[in-house]
Amino acid sequence: AGAVPVLIGWTAVTDSLSWAPIVLFAVMFYWTPPHFWALAIKYKDDYSAADVPMLPSVVSLHKTALRILLYTLLLWGLTLVFSPVADMGLIYLVSAVALGAAFTWFAVKLLREPNAKAAMKVFTYSITYITLLFGAMAVDVLVRNARCASWPRTAPPAAFLGCKGHCVVSRSVPERTPTRRRAAPGRAWRR
């Protein structure tokens, strides 16, 4: 459920669907299991007592840690695929590589020593990871757009080729005359 808003938001804003939001959906989708399974390792006994079949309560800690590592590697790959699909820049790509390497390192440590303490480090880092990853996306776009904003606003679109097509040429929009809203049913407009 946490990955669906990406698709809904993208479609609502652009009135279309492309590969970028689908890959971003996959990033969120594959981030969720390692995040929650790491927390579930700490509360394994509680899940078992409540008869909730969370992965750590139905398989060994080693198998859970192995799946966390596999999902983390898949997640890392998806974040790298997102870069060319969404036409992200170097800031995002370097961040995705470094953050994914750190996440993988925490997952490997958990696999080597499957215990609650190592699992909580994976869980804690997963929150930092997703926050910094999305922050890197925003910074990447903001930096590239700021660089493009220094171009003269009257320059033809060809002048923006140095910005890899990310710049938006400001077009003059004719002023609109204010339109009068309709009154709510049963209410008259007052001037």
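Trainee: Which residues is Tyr 129 in contact with, leaving aside its neighbours within four places in sequence?
Mentor: Tyr 129 touches Trp 31, Leu 75, Thr 79, Leu 99, Gly 100 and Phe 103, where contact means heavy atoms within 4.5 Å. This is a predicted model, so local features need pLDDT of at least 70 and side-chain atom pairs pLDDT 80 or more, whereas totals for chains, interfaces and linings use all residues. Numbering runs from 1 along each chain as its sequence is written, and side-chain values use heavy atoms, without hydrogens or water.

Trainee: And which members of the largest nonpolar core touch the most others?
Mentor: Among its 38 residues, they are Ile 68, Phe 82, Tyr 92, Leu 110, Tyr 129 and Leu 133; such a core joins buried Ala, Val, Leu, Ile, Met, Phe, Trp, Tyr and Cys through side-chain atoms within 4.5 Å, buried being under 20% relative accessible area with a 1.4 Å probe, protein chains only. At least two residues of this core come from each of α2 (19-42), α5 (61-85), α6 (90-112) and α7 (116-149), the helices being DSSP runs of H or I, at least four residues, numbered from the N terminus.

Trainee: Changing topic, how confident is the predictor on average?
Mentor: The mean pLDDT, a per-residue confidence from 0 to 100, is 84, and 77% of the residues score at least 70. Residues 154-162 fall below 50, with 10 contacts in the model beyond near neighbours in sequence.

Trainee: Which helix scores highest in mean pLDDT?
Mentor: That is α6, at 98, while α1 (residues 4-14) is lowest, at 88.

Methods: Buried means under 20% relative accessible area, exposed over 50%, partly exposed in between (1.4 Å probe, protein chains only).
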